[in-house]
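Please keep the sequence and the structure at hand while reading.

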Amino acid sequence: MKTSNKRTIGYMVPYVLWLGLFVILPLALMIYQSFQNLYHQPTLANYTDFFKSGTYLRMTVNSVFYAAIVTIITLLISYPMAYILSRLKNSQFWLLLVILPTWVNLLLKAYAFIGLLSKEGTVNQFLGFMGIAPQQLLFTDASFLLVAAYIEIPFMILPIYNSLVELDPSLTNAAKDLGASSWQTLRQVIFPLTMGGVKSGVQAVFIPTLSLFMITRLIGGNRVITLGTAIEEHFMVTQNWGMGSTIGIVLVIAMAITMYFTRDRKRKGGRD
């Protein structure tokens, strides 16, 4: 038993070190920094300014709104796609094609979309070929939502696909034997039983989208202002690390709330 305990502790050491150095320590530093002003003096002014400022509150609403829209778009696309993939013979191969874009650097994908959506880009060239005048596609809310949804779709598909694959086929067969149509089976059996995968997908998309800043600058052209943009501005431009850390803490709290409401409420024994 002693040898087993030592081995278990030995396995835990790298995990605890990683957690302490890259999660707990940065979070503690951010909390500490959020209570300091530009002159590194203790203050509560950062939090007071944040909650009193209409600008920051508007950024918070924008962040939640755009993250929710991107999450809804990706869910509406991903669930049918994951359902179809789970029914294909070579589903692992097609799933690999879905995952492949995640291997490409985010900045490269952003510049690829700039090439597609710019005034002289591929899309406008095609519109010109069809006799339509060039359109302002880049630096719009629609372009931001398009690119953000494209980037996040694989992270929504994967958990939904896994939950569909793990679903017991006898349950759907029983529903059909009892006279349920394909739509009724999907709506009343398959979707409720794969809700865990949907919740995991919502977490995987909504939480990162809350703090997007590169896409808002390159694709949205700063028309889409979010808390992620504000954090970058305070750390890289104004050098107001205290306010930047305060906004970061607000984002962490928002992420924790999201995880709480989308957690799996099932406990051992099958009881909620």
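## Helices α3 and α7

The axes of α3 (residues 54-87) and α7 (residues 141-165) cross at roughly 45 degrees and come within 6 Å. Axes here are lines fitted to C-alpha atoms, for helices over the stretch in contact, with angles from 0 to 180 degrees between N-to-C directions. The crossing of α3 and α7 is right-handed; that term applies if the near helix is turned clockwise from the far one by less than a right angle, and left-handed if anticlockwise.

The contact of α3 with α7 has 22 nonpolar, 4 polar and 2 charged residues. Nonpolar covers Ala, Val, Leu, Ile, Met, Phe, Trp, Tyr, Cys and Pro; charged covers Asp, Glu, Lys and Arg; the others, Gly among them, are polar.

## Basis of the model

The model is predicted: local features need pLDDT of at least 70 and side-chain atom pairs count only at pLDDT 80 or more, while totals for chains, interfaces and linings use all residues. Residues are numbered from 1 along each chain as its sequence is written, and side-chain values use heavy atoms, with hydrogens and water left out.

## The chain overall

The protein chain has 13 helices and 0 strands. Helices (H or I, at least four residues) and strands (E, at least two) are DSSP runs, numbered from the N terminus. Along its principal axes the C-alpha trace spans about 75 × 70 × 35 Å.

Of the 272 residues in the chain, 35% are buried (under 20% relative accessible area; exposed is over 50% and partly exposed in between, with a 1.4 Å probe and protein chains only). Among contacts (heavy atoms within 4.5 Å) with a separation of 6 or more, 67% are between residues 24 or more positions apart.

## Helices α10 and α13

The axes of α10 (residues 195-210) and α13 (residues 241-261) come within 10 Å and cross at roughly 165 degrees. That angle makes α10 roughly antiparallel to α13. This crossing, too, is described by its hand: α10 passes α13 in a right-handed crossing.

On the α10 side, Q203, F206, I207 and L210 take part, meeting L251, A254, M255, T258 and M259 of α13. By class, the residues of this contact divide into 7 nonpolar, 2 polar and no charged.

Side chains of opposite charge can pair when their charged atoms come close. The whole structure contains 2 salt bridges (a side-chain nitrogen of Lys or Arg within 4 Å of a carboxyl oxygen of Asp or Glu). One joins R217 and E232, at 2.4 Å from N to O. R217 sits in helix α11 (residues 214-218) and E232 in helix α12 (residues 227-238), 15 residues apart.

R217 also forms a salt bridge with E233, where the closest N and O atoms are 2.8 Å apart. E233 lies in α12 and R217 in α11, so this pair ties together parts that are 16 residues apart in sequence. Shared partners join R217, E232 and E233 into one network. R217 counts as partly exposed because its relative accessibility is 25%, and E233 is partly exposed at 31%.

## T229 in helix α12

Helix α12 also holds T229. At 5% relative accessibility, T229 counts as buried. Leaving aside residues up to four places away in sequence, T229 touches L212, F213, T216, R217, N222 and V224.

Terms used: Parallel < 35°, antiparallel > 145°, perpendicular 65-115°, else oblique.
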